[in-house]
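This briefing goes through one protein model, from its overall form down to single residues. Look over the sequence and the structure before reading the points.

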Amino acid sequence: KNRHSESVYFFSSKMAFDEASYLVAGSGILGLLFALFQFWKVSLIAVDQTETSETSRLREDNKDPYVTLLKCYDAIRTGANAFLLAEYTLCSIFIVLFSVVVFVLTAKVDGGWHWDVGALTTCSFAVGGFTSIFSGYIGMTVATYANARTTISAVKAGPQGWTDSFNTAFRAGGVMGFALCSLALLVLYGLLFVFEKHFGSKTTGECKMLFECIAGYGLGGSAMALFGRVGGGIYTKAADVGADLAGKVVSGIPEDDPRNPATIADNVGDNVGDVAGMGADLFGSLAESTCAALVISSQSHHLVEEGWACLMVPLTISALGIIVCAVASFLATDIYPVRKEEDVETVLKIQLFSTALLMSIVCLPIMKYWLPDGAFSFSTYLDGHGQEKDCYWYGAYACVFAGLWAGCLIGFITEFYTSHSYTPVREVAQSCETGAATNIIYGLALGMKSAILPIFLIAGTVFMSFELVGMYGVAMAALGMLGTLATCLSIDVYGPVCDNAGGIAEMSEFPESVRDKTDALDAA
């Protein structure tokens, strides 16, 4: 990289721009294609098994549970679509009305009115909001599409039943994970590409205006997270508690009993809060973290002079994450599949660890190649004498590395405190023997205790990142934590799908072994 020759700099900058575009756009398209591939694998399982079912011959009443399964499957999908229509109608109205506020407030720049800035920021906000809505819709659709298919797979006996049921739920989660990450990346880069034509990106002033307009994209995603996570969470808990009260307390029947119609709302609620709501929340986190890194990068004239590819490093981290997660997903489904109950947690742990490890490796050459070879600084990151502090590419890489492994460790710590395989959950269960009061007290205490290590990990990562590269380092650490988002989303959506599969198995009156299998998958 020769920064002393204008012609060489222009050529290398143009070349780097093309490389960054190819990586970001290519990985986004690859992620969408991989999501379609995962959906196709799930769709190979026929949900209508009534004509080929042999289960009815084994039952004294000659009832075919697959007939009930179809009814439950259709009812849950209908309920989920009805909720999405109601929620997203309100979300769309909010986006339209709040866009007016965003337009007026962001148009006032440096004491003057710049309506182009307001219009483009509003566009970013609306696009971010509707992209979040579309991602949530994809997740809800595939989760309700795969729940009955997971039940059908769990009917199979032996290791094949464990493998097929796990793979069905995990691949359904993968559709949500890869579709959301790819859409977030492609849409954001599309906005950057278009807005750059208007503002330019040759000076820090141009980049500052460009990236501040793009920040509306993160705001739109976060606004939808408020509706999805909070609104959806309230619906989820209301449906869950209502179904339990109506069934267990009032009627004295088991959970997910087919005689309790509220179980349909309960199963819909699992998808509303844990799929659509969580997806909107993580979409907002990814969009905000990326936009924050872009805005901060405009404070460094070194990064701006280095060229477009250098400014796009935050996006390339997410792009690499999509590729790495796609490759690593075959570990769980093909290379080391689940064959028995004990394998479930192990496979998920390997999945998390392997994606973090691969990301740690592939991010190193990218950071070295596209960030400046020498020192770079930020106008907002000063030393004790008021001078800009020198930062280096390896410091930025260390921030990403720290974020990656802090996120991975937090995942393992969370599993320790929430998995039935470890003592904390078993101790909470034992506390129930002496009544509800001890259960509540012990559960609250354990919840507070479980937050200690994650807080120290986050605080340590933030402190180290700020010391190395200032606020840019903090943003890069956040992107490191989100670097394995496609895998994390796959695992997160996998849980509600297994939970729904267990509810359908119970309502359809399949053998108890099927419910035991889905419960074991969900408990992991």
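Helices here are DSSP runs of H or I with at least four residues, and strands are runs of E with at least two, both numbered from the N terminus. By that count, the protein has 16 helices and two strands. The model is predicted.

**Overall form**

- The C-alpha trace of the protein spans about 85 × 45 × 45 Å along its principal axes.
- A compact globule of 524 residues would have a radius of gyration near 24 Å, and the protein agrees with this because its value is 25 Å.
- Of the 524 residues, 52% are buried, where buried means a relative accessible area under 20%.
- Among contacts with a separation of 6 or more, 78% are between residues 24 or more positions apart.

**The largest nonpolar core**

- In soluble globular proteins, nonpolar side chains tend to be buried together.
- The largest nonpolar core in this protein has 140 residues, and the members that touch the most others are F166, M312 and M367.
- Helix α4, residues 158–199, contributes the most to this core, with 20 residues.
- Which residues does M367 contact, leaving aside neighbours within four places in sequence? They are V313, I317, W393, A396, Y397, V400 and M476.

**Helix α4**

- The 42 residues of α4 reach 61 Å from first C-alpha to last, close to the 62 Å expected at 1.5 Å a residue.

**T168, a residue of α4**

- T168 lies in helix α4.
- With a relative accessible area of 4%, T168 falls under the 20% cut-off and therefore counts as buried.
- The side chains of T168 and S153 are joined by a polar contact of 3.4 Å.
- Not counting residues up to four places away in sequence, T168 touches V42, I45, A146, R149, T150 and S153.

**Helix α3**

- Helix α3 covers residues 115–155, and its end C-alpha atoms are 61 Å apart. This agrees with the 60 Å that its 41 residues should span at 1.5 Å a residue.
- At N147, α3 bends by about 30°.
- α3 is mostly covered, with 31 of its 41 residues buried.

Terms used:
Residues are numbered from 1 along each chain as its sequence is written. This is a predicted model: local features need pLDDT of at least 70, side-chain atom pairs count only at pLDDT 80 or more; totals for chains, interfaces and linings use all residues. Side-chain values use heavy atoms; hydrogens and water are left out. A nonpolar core is a set of buried Ala, Val, Leu, Ile, Met, Phe, Trp, Tyr and Cys residues joined through side-chain atoms within 4.5 Å. Buried means under 20% relative accessible area, exposed over 50%, partly exposed in between (1.4 Å probe, protein chains only). Contact means heavy atoms within 4.5 Å. The expected span of a helix is 1.5 Å times one less than its number of residues. A polar contact is a pair of N or O atoms within 3.5 Å; within protein, one must be able to donate a hydrogen and the other to accept it, and residues adjacent in sequence count only if both atoms are side-chain atoms. The bend at a residue is the angle between axes fitted to the seven residues ending there and the seven starting there. The radius of gyration is taken over C-alpha atoms; the globule rule is 2.2 Å times the number of residues to the power 0.38.
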